[in-house]
2 protein chains.
Amino acid sequence: MQTQHESKTRLLDTAMQVFRTKGYAATTVDDVCAGAGLTKGSFFHHFKTKEELAVAAARHFAEMADGLFSTAPYRARADPLDRLLGYVEFRRAILQGKLPEFTCLLGTMVQETYDSHPAIRRACDRHISEHAATLTDDIAQAKRLYAPRAKWTAESLGLYIQATLQGAFILAKARHGPAVADECLGHLRRYLELLFNHNKRKE
Amino acid sequence: MQTQHESKTRLLDTAMQVFRTKGYAATTVDDVCAGAGLTKGSFFHHFKTKEELAVAAARHFAEMADGLFSTAPYRARADPLDRLLGYVEFRRAILQGKLPEFTCLLGTMVQETYDSHPAIRRACDRHISEHAATLTDDIAQAKRLYAPRAKWTAESLGLYIQATLQGAFILAKARHGPAVADECLGHLRRYLELLFNHNKRKE
DNA sequence: GACAGCATACCAACTGGTTGGTATTGTTCC
DNA sequence: GGAACAATACCAACCAGTTGGTATGCTGTC
């Protein structure tokens, strides 16, 4: 009962890590098996194909991220804009770890697979969109309070934030370090502050 | 004389296209050969390894992009901020084509190779940074004119613009269409307008 | 201008190793 | 005893790179 779940979870954890380091195509099933300390026989008992593993890993990653952000301290703040800015700062704080630890599995995989593996593309799309959607409530509330007449939608801003994060990760990979990403998130924060008239707030 | 250059260019053009569609690891040397209408013998005459092809393709891509942007009509505008906003709008206009036509080879390749192929990572890093640097002059001039006291640097804003573009491409791939990317660039434009007090300009 | 000498461009067939996936046989837990 | 899980052994397809060779120039010399 536990072993079954544990083995599958171990495969998914390893897959997440290896996919984020080498990408989908370059990671072999053996890589994942070795990382999880299992053999191929076990692997193909849990997953029909490598593609199925990728789809499951995308879901696994999304669940992990969901747990991380929904319980983060900034979530307790009263003001919706504070929560939104808290999200960005929390993202910045995470940048301290190693590259494969803070980058996004979904963005990494969808780049290679969007044309050749529709199932993976769909999984990545759904989970990115769902994560972006976790921001829309706060954005909508903040908009009502601080920028009620603005023309943009809460949904599009949520996606823009995701895009900036994904792009920041790419630059961090290119530079082999998180410093650029931190600077990018600084600009993102400034954009949000300008959008919501952060300076004039509460005066 | 002509044949030699033409074959190599054809290999590079094909590589650019296939890499952008399937990523680095998933494209085979045979893919590139078939696309270029050549054989492996010819391929390995021009490139020692597949990795060397990737590095050359990155350079090829950067040269192509350089030609495209340096001759674009918006470059002729007198005001530096107009040129900067022109760049963003030009990027939006390009989104009309198919996905492998407007996405960035450098961002795509570096995601998969940053940890396993240092030479490719370095090439991508250099060409992304160089492209970002083509914006810094305009940004610095615009800053002097419209936001002289701002704390951010021209260089970091250029990189932020690149990050946003890269992220917009990822979302476009996930959604299998450029609409999201267009919305993202709308936000990016708004950020630039807010940063440079675009509304109050020339008053 | 013709011919030797040489480098470049290209090709078809092959190789050794890898990879996703399968078949079969235990093993463990209820 | 049977269902879930895991290990070993194996395979056919694939892939980066090699080999050995041909064709096409280009250069200098007489």
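**Figure 1. Left-handed crossing of H7(A) and H8(A) in the predicted model.** In this predicted model, helices H7(A) and H8(A) cross with left-handed geometry. H7 covers residues 105–113 of chain A, and H8 covers residues 118–146 of chain A. Their axes come within 9 Å. The crossing angle is roughly 145°.

**Figure 2. Residues at the contact of H7(A) with H8(A).** H7(A) contributes A:Leu106, A:Met109, A:Val110 and A:Thr113. H8(A) contributes A:Ile120, A:Arg121, A:Cys124, A:His127 and A:Ile128. By class, six of these residues are nonpolar, two are polar and one is charged.

**Figure 3. The largest nonpolar core.** This core holds 116 residues. Residues from chain A and chain B are among those with the most contacts inside it. From chain A these are A:Ala58, A:Met109, A:Leu171 and A:Cys184. From chain B they are B:Met109, B:Leu171 and B:Cys184. In soluble globular proteins, nonpolar side chains tend to be buried together.

**Figure 4. Surroundings of B:Met109.** B:Met109 is one of the residues with the most contacts inside the largest nonpolar core. Neighbours within four places in sequence are left aside here. B:Met109 is then in contact with B:Phe19, B:Tyr24, B:Ala54 and B:Ala58, and also with B:Ile120 and B:Cys124.

Notes: Residues are numbered from 1 along each chain as its sequence is written. Chains are lettered from A and ligands numbered from 1 in the order in which they are written. This is a predicted model: local features need pLDDT of at least 70, side-chain atom pairs count only at pLDDT 80 or more; totals for chains, interfaces and linings use all residues. A nonpolar core is a set of buried Ala, Val, Leu, Ile, Met, Phe, Trp, Tyr and Cys residues joined through C-beta atoms within 7 Å. A residue is buried if 20 or more other C-beta atoms lie within 10 Å of its own, exposed if 12 or fewer, and partly exposed in between; C-beta atoms are placed from the backbone. Two residues are in contact if their C-beta atoms, placed from the backbone, lie within 7 Å. Axes are lines fitted to C-alpha atoms, for helices over the stretch in contact, and angles run from 0 to 180 degrees between N-to-C directions. Helices (H or I, at least four residues) and strands (E, at least two) are DSSP runs, numbered from the N terminus. A crossing is left-handed if the near helix is turned anticlockwise from the far one by less than a right angle, and right-handed if clockwise. Ala, Val, Leu, Ile, Met, Phe, Trp, Tyr, Cys and Pro count as nonpolar, Asp, Glu, Lys and Arg as charged, and the others, Gly among them, as polar.
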